[in-house]
Amino acid sequence: MNGTTQEALKFGPRLYEMSALPDEKNGNVSIAGHLNTYGKWFRHLDRLKKYDEIILQFNGYNYFYKVEKVFTIEKNDWSVIDPAGYTALTLTTCHPIY
C-alpha cells in the first residue's frame with residue numbers, strides 16, 4: 001500500500017511514495033508504520049538486532065532481508081529512504097514512543 005499520510009498509516013504500514021518495490025534490483029524498499037497507535041505495527045522496531053532476518057511478502061514471493069543497523073534520525077532527515085546503491089529495506093517509525 002502506498003502513501004504515508006497520517007490517514008493512510010491508520011490502516012497499517014505503507015510504502016513511501018518514492019519507494020522501490022521488493023522486486024526491483026538495488027532498490028530501497030522504504031516503509032513507514034506507527035509505533036504506538038493504529039495497530040502499533042512497528043512498536044518493537046527498536047528490538048531488532050544486527051543480522052535479524054525480516055521476511056517481506058510481495059506479489060506471492062518472499063523477500064529476505066537482514067538487519068544492518070537500528071538508529072534514530074531527525075524527523076526532517078529523509079536521506080534514509082534515498083536509493084542505497086544496493087538492495088535494502090528501510091523501516092521507519094516515530095521516536096520517542098510518546
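**Pocket linings**

Guide: This is a predicted model. In the lining of the second largest pocket, strand 1 (14–15), strand 2, strand 3 (53–58) and strand 5 each supply at least two residues.

Visitor: Which strand gives the largest share of that lining?
Guide: Strand 3, with six residues.

Visitor: How do you know that a residue such as P13 lines the second largest pocket?
Guide: A lining residue has an atom within 4 Å of a pocket point. The second largest pocket has 17 such residues, and P13, I31, L56, Q57 and L91 are the closest to its centre. P13 is therefore counted in the lining.

Visitor: What is the make-up of that lining by class?
Guide: It has 14 nonpolar, one polar and two charged residues.

Visitor: What volume does the second largest pocket have?
Guide: About 370 Å³. The largest pocket has a volume of about 1,400 Å³. Of the 45 residues that line the largest pocket, L45, T90, L91, T92 and T93 are the closest to its centre. Helix 1 (6–9), strand 2 (28–32), strand 4 (61–66) and strand 5 (88–92) are the elements that give two or more residues to this lining.

Visitor: Which of these elements gives the most to the lining of the largest pocket?
Guide: Strand 5, with five residues.

Terms used:
Residues are numbered from 1 along each chain as its sequence is written. This is a predicted model: local features need pLDDT of at least 70, side-chain atom pairs count only at pLDDT 80 or more; totals for chains, interfaces and linings use all residues. Side-chain values use heavy atoms; hydrogens and water are left out. On a 1 Å grid over the protein atoms alone, a cavity is a set of points where a 1.4 Å probe fits but cannot get out, and a pocket is an open set with protein on both sides within 12 Å along at least five of seven lines; lining residues have an atom within 4 Å of a point. Grid points are joined across faces, edges and corners, and a volume is the space filled by probe spheres set on the points. Helices (H or I, at least four residues) and strands (E, at least two) are DSSP runs, numbered from the N terminus. Ala, Val, Leu, Ile, Met, Phe, Trp, Tyr, Cys and Pro count as nonpolar, Asp, Glu, Lys and Arg as charged, and the others, Gly among them, as polar.
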